[in-house]
Amino acid sequence: MQLWWLLVVACSVSCSVLNNVRLAGGGGNYGRVEVYYNGQWGTVCDDGWDLIDASVVCRQLGFDFALEGNSNALYGQGSGPIVLDDVDCTGDEDSLDQCGHAGLEEHNCNHHGDAGVVCNSVLHTVRLAGGGGNYGRVEVHYDGQWGTVCDDGWDLNDAHVVCRQLGFESALEGNSNALYGVGLGPIVLDDVDCTGDEDSLDQCRHAGLGEDNCSHFEDAGVVCRVFDNVRLAGGGGNYGRVEVHYNGHWGTVCGDGWDLNDAHVVCRQLGFEFALEGNSNALYGQGSGPIVLDNVNCLGNEDFLDHCGRDGLEVPDCGHHEDAGVVCNILNTVRLAGGGGNYGRVEVHYNGQWGTVCDDGWDLNDAHVVCRQLGFEFALEGISNALYGQYSGPIVLGDVDCTGDEDFLYQCRHASFEEDNCSHSEDAGVVCNSVLHTVRLAGGGGNYGRVEVHYDGQWGTVCDDGWDLNDAHVVCRQLGFESALEGNSNALYGVGLGPIVLDDVDCRGDEDSLDQCRHAGLGEDNCSHFEDAGVVCRVFDNVRLAGGGGNYGRVEVHYNGHWGTVCGDGWDLNDAHVVCRQLGFEFALEGNSNALYGQGSGPIVLDNVNCTGNEDFLDHCGRDGLEVPDCGHHEDAGVVCRVFDNVRLAGGGGNYGRVEVHYNGHWGTVCGDGWDLNDAHVVCRQLGFEFALEDNSNALYGQYSGPIVLGDVDCTGDEDFLYQCRHASFEEDNCSHSEDAGVVCNNILNTVRLAGGGGNYGRVEVYYKGQWGTVCDDWWDLDDAIVVCRQLGFEFALEGNGIALYGQGSGPIVLDDVECTGDEDSLDQCRHNGLEEHNCGHHEDAGVVCSNTPSTLLPTTEALTTLSPSTKVPTRLWRWKVGEGEGGVVVW
């Protein structure tokens with residue numbers, strides 16, 4: 001027990017319970033003092049805190065001494081416990097817990113009184129290795145040897161501190177990955193985090209001296225700025241005498257050994273892409289300040305002039321008559337925007353973005369330079385006042401003054417870059433001559449084919465990306481046609497062999513030539529010749545029929561501002577099909593010649609037309625030259641087009657009703673103006689009847705709700721189809737549906753018989769088209785049977801039956817969905833689905849039982865009863881079953 005007590009007493013004097021101290025809230029050599037106690041970090045109260053206490057902390061951390069002991073939470077308030085208060089050191093202690101204090105965690109403070117220190121810099125010497133005078137690997141002297149800095153988190157702010165510590169004004173670059181080679185000593189610092197304002201590297205936050213998780217392949221480096229600026233003087237924005245700012249003043253560079261490699265570095269440092277020229281002998285005038293650099297020797301790939309080899313600063317052996325200069329390439333790309341391929345707002349690419357040119361002093365000479373730089377021959381016009389729209393980016397150039405002979409816009413005199421007194425309402429523009437002055441069609445015919453343009457001495461094609469009718473319109477007009485019928489793709493007219501000149505063409509359609517359209521750039525494409533674009537140009541801007549009716553007449557085409565005819569030489573039905581389809585009809589019924597519809601009076605535009613019949617337009621067909629016929633108007637060609645793919649009767653019965661025609665995908669009626677028996681004859685014959693019994697108008701069979709398709713119909717009566725009759729234009733009329741025309745056709749079902757039964761009963765058969773056929777039982781009832789029986793000479797019908805009660809017929813099924821009122825004189829006056837229009841089989845053949853007296857017994861054992869909702873005529877016998885008995889009654 002006595003031995004244990006002695007150990008406790010001894011440790012209370014000499015054993016450290018504060019086994020770690022750190023600085024927080026500041027930098028590497030300064031911050032809030034924190035001590036590690038009882039498993040956590042805590043702070044020190046500033047009561048009585050002074051420089052002597054601070055020196056103990058700094059020595060404990062490895063520094064030589066303290067520069068300052070501070071209080072009042074100068075580096076921020078801590079958040080843990082306050083471990084020490086009333087610290088009182090003599091200055092000789094090795095660690096803080098050897099100093100007198102109030103006791104661990106005994107205090108009367110809060111974190112507003114947290115103590116801090118500033119220790120002397122242990123990294124009092126910094127150097128650059130592996131590079132040049134102002135750039136290299138950062139090395140610091142610590143604990144008697146040189147070591148490196150790890151690049152974790154290393155950035156320009158860290159580099160600024162190093163460079164200023166070395167006596168430079170600032171840093172140009174902080175780099176990593178051992179750019180200047182790997183070091184050999186220890187890695188002294190890691191996770192360096194400077195604000196950029198510190199005076200030395202050890203004032204920055206870091207992981208701790210000698211604390212790292214790096215290898216030398218991560219050694220950090222810097223490039224320090226020797227010259228805080230480089231400028232061009234005595235010339236223009238991108239050319240002039242090279243001047244550098246050093247030691248508070250501007251000076252020049254001696255031209256000894258000055259070459260294009262040196263100029264490249266200067267131009268890139270100034271933000272240009274590269275140099276066009278490095279010159280000497282004070283080409284842009286002699287400077288007046290000191291000559292700062294001499295014998296500059298750049299490789300050309302340095303980022304800054306400071307990186308290049310040179311003699312000492314301000315120790316030249318030359319005079320200002322040898323001042324060096326450069327010409328930089330600033331506008332490596334010029335483009336036209338807001339217009340078309342050869343006209344638009346002038347935009348230049350500068351400092352990583354597009355900008356415009358102010359129109360102050362802008363003239364044709366300036367425009368010539370832009371156009372030549374873009375590959376055109378010359379400018380047609382220099383434009384001002386933002387004619388092609390205002391841009392939203394910077395205004396790069398102002399007061400441009402070209403002689404007109406320059407090859408590039410940057411060679412012209414101008415104000416400094418992005419220094420102007422303009423607004424975008426003054427954006428300059430140009431109109432350049434057309435470089436695609438020749439366009440042709442290949443692989444097709446005279447007015448259609450693959451689009452080819454002549455560029456750079458050879459023919460090339462156009463890619464079909466985005467190619468449409470607007471683009472085709474421009475090509476066709478450029479070729480002298482009025483417009484385009486079609487813009488096509490996928491090398492429809494074969495693949496071309498030359499270069500692909502244009503891609504992503506985007507025309508509005510009103511441009512005068514293809515190169516006025518937007519496109520990806522001349523020779524810029526991502527296509528193959530399998531995507532070659534083509535066009536079909538409209539030779540005739542219209543086709544019409546004259547001297548006939550709405551769907552037939554003499555063929556006339558509009559060409560070169562006037563209407564002309566087509567010669568009938570070789571004219572046939574295939575040619576007529578093309579004309580009719582172009583006019584919106586389905587096909588042609590006839591192609592005729594010899595001026596059947598009268599002789600035309602204009603020029604004969606086409607001769608020897610040779611269509612396959614599949615063409616969409618007459619322009620596509622083979623032919624002789626335009627207006628070079630060897631015929632006269634007595635050979636004018638004509639056509640008859642089919643306009644109605646069906647005619648029907650509605651609102652009546654099988655052989656009578658309102659006349660309706662199917663046109664342009666819908667049913668419509670015929671106006672009764674001028675409607676007569678001749679017109680009705682044509683309709684009835686077209687429907688399969690022999691002739692018409694009656695023509696009527698004034699919507700006798702009800703008004704329709706669809707369009708009125710035909711008006712002023714005038715048939716001779718001999719036509720086979722209604723569309724062959726003269727009439728007004730389709731759907732152009734001065735009628736209303738109260739004037740809908742109708743017809744009554746003769747009875748084509750003029751013979752009816754009963755088969756499979758007896759004299760007064762059997763399967764109903766009608767004679768149609770030279771043979772006997774049956775009637776389907778869909779909707780078949782006693783009303784229908786009454787009509788059949790009367791037509792056969794009987795007075796009454798006793799029954800209308802179905803399901804082939806009297807056996808299945810063998811001929812066609814002529815009628816279906818028959819719906820008689822019972823008052824008709826013959827079956828074909830009843831409503832029905834249409835002759836031979838049905839969805840039945842012979843197992844549904846309809847039958848009847850007829851009688852001359854209402855008491856005639858049925859030829860079955862079924863009971864006859866009467867079940868009638870009303871008494872219509874005294875010839876109706878209704879049947880019904882009552883229990884097991886039989887009976888019937890006649891309703892009078």
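Which residue takes a positive phi just after α8? Gly 688 does, at about 100°.

## Model and conventions

This is a predicted model, in which local features need pLDDT of at least 70 and side-chain atom pairs count only at pLDDT 80 or more, while totals for chains, interfaces and linings use all residues. Residues are numbered from 1 along each chain as its sequence is written, and side-chain values use heavy atoms, with hydrogens and water left out.

## Overall composition

The chain has 9 helices and 50 strands. Both are DSSP runs numbered from the N terminus: helices are H or I with at least four residues, strands are E with at least two. Of the 892 residues, 52% are buried, where buried means under 20% relative accessible area, exposed over 50%, and partly exposed in between (1.4 Å probe, protein chains only).

The accessible surface comes to about 38,400 Å², and carbon and sulfur atoms hold 45% of it. These areas come from the Shrake-Rupley method with a 1.4 Å probe; for residues, only the protein chains shown count as cover. Contact means heavy atoms within 4.5 Å. Among contacts between residues at least 6 apart in sequence, 69% join residues at least 24 apart.

## Nonpolar cores

A nonpolar core is a set of buried Ala, Val, Leu, Ile, Met, Phe, Trp, Tyr and Cys residues joined through side-chain atoms within 4.5 Å. The largest such core has 45 residues; those that touch the most other members are Trp 258, Leu 305, Val 326, Val 357, Trp 362, Leu 409 and Val 430. Not counting residues up to four places away in sequence, Trp 362 touches residues including Val 346, Val 370, Ile 383, Val 400, Leu 409 and Val 430. Apart from this core lies another, of 44 residues, with Val 539, Phe 540, Trp 571 and Val 579 among them.

Helix α8 covers residues 677-686, and its buried residues are Asp 679, Ala 680, His 681, Val 682, Val 683 and Cys 684. They pack against β37 (647-653), β38 (656-663), β40 (692-696) and β42 (742-745). Asp 676 caps the N-terminal end of α8, with a side-chain oxygen 3.2 Å from the backbone nitrogen of Asn 678.

In helix α9 (residues 782-791), 8 of the 10 residues are buried. They are Leu 782, Asp 783, Asp 784, Ala 785, Ile 786, Val 787, Val 788 and Cys 789. At the start of α9, a side-chain oxygen of Asp 781 reaches to within 3.1 Å of the backbone nitrogen of Asp 783. Just after α9, Gly 793 takes a positive phi of about 100°.

## Buried polar residues

Asn 175 is found in strand β10 (residues 170-175) and counts as buried because its relative accessibility is 7%. Its side chain makes polar contacts with the side chains of Glu 173 (3.3 Å) and Tyr 180 (3.3 Å). A polar contact is a pair of N or O atoms within 3.5 Å; within protein, one must be able to donate a hydrogen and the other to accept it, and residues adjacent in sequence count only if both atoms are side-chain atoms.

Asp 816 lies in the loop between β47 (813-815) and β48 (847-851). At 0% relative accessibility, Asp 816 is buried. The backbone nitrogen of Asn 839 lies 3.3 Å from a polar atom of the Asp 816 side chain. Leaving aside neighbours within four places in sequence, the contacts of Asp 816 include Cys 776, Asp 778, His 832 and Cys 840. Asp 816 and Trp 779 are 37 residues apart in sequence and 8.3 Å apart in space, C-alpha to C-alpha.

## A strand hairpin

Strands β31 (residues 542-549) and β32 (residues 552-559) pair in the antiparallel sense over 6 bridges; pairing requires at least two bridges found by DSSP. The two strands form a hairpin with 2 residues between them, and Ala 546 stands opposite Arg 554 in β32.

## Disulfides

Taking a disulfide as a pair of cysteine sulfur atoms within 2.5 Å, the count comes to 24. One of them joins Cys 58 to Cys 119 (S to S 2.0 Å). The torsion about this S-S bond is about -85°, so the disulfide is left-handed. The pair links distant parts of the chain, with Cys 58 in helix α2 (residues 51-60) and Cys 119 in strand β6 (residues 116-119), 61 residues apart.

Cys 580 and Cys 641 are also joined (S to S 1.9 Å), and their link is left-handed, with -85° about the S-S bond. Cys 580 is in helix α7 (residues 573-582) and Cys 641 in strand β36 (residues 638-642).
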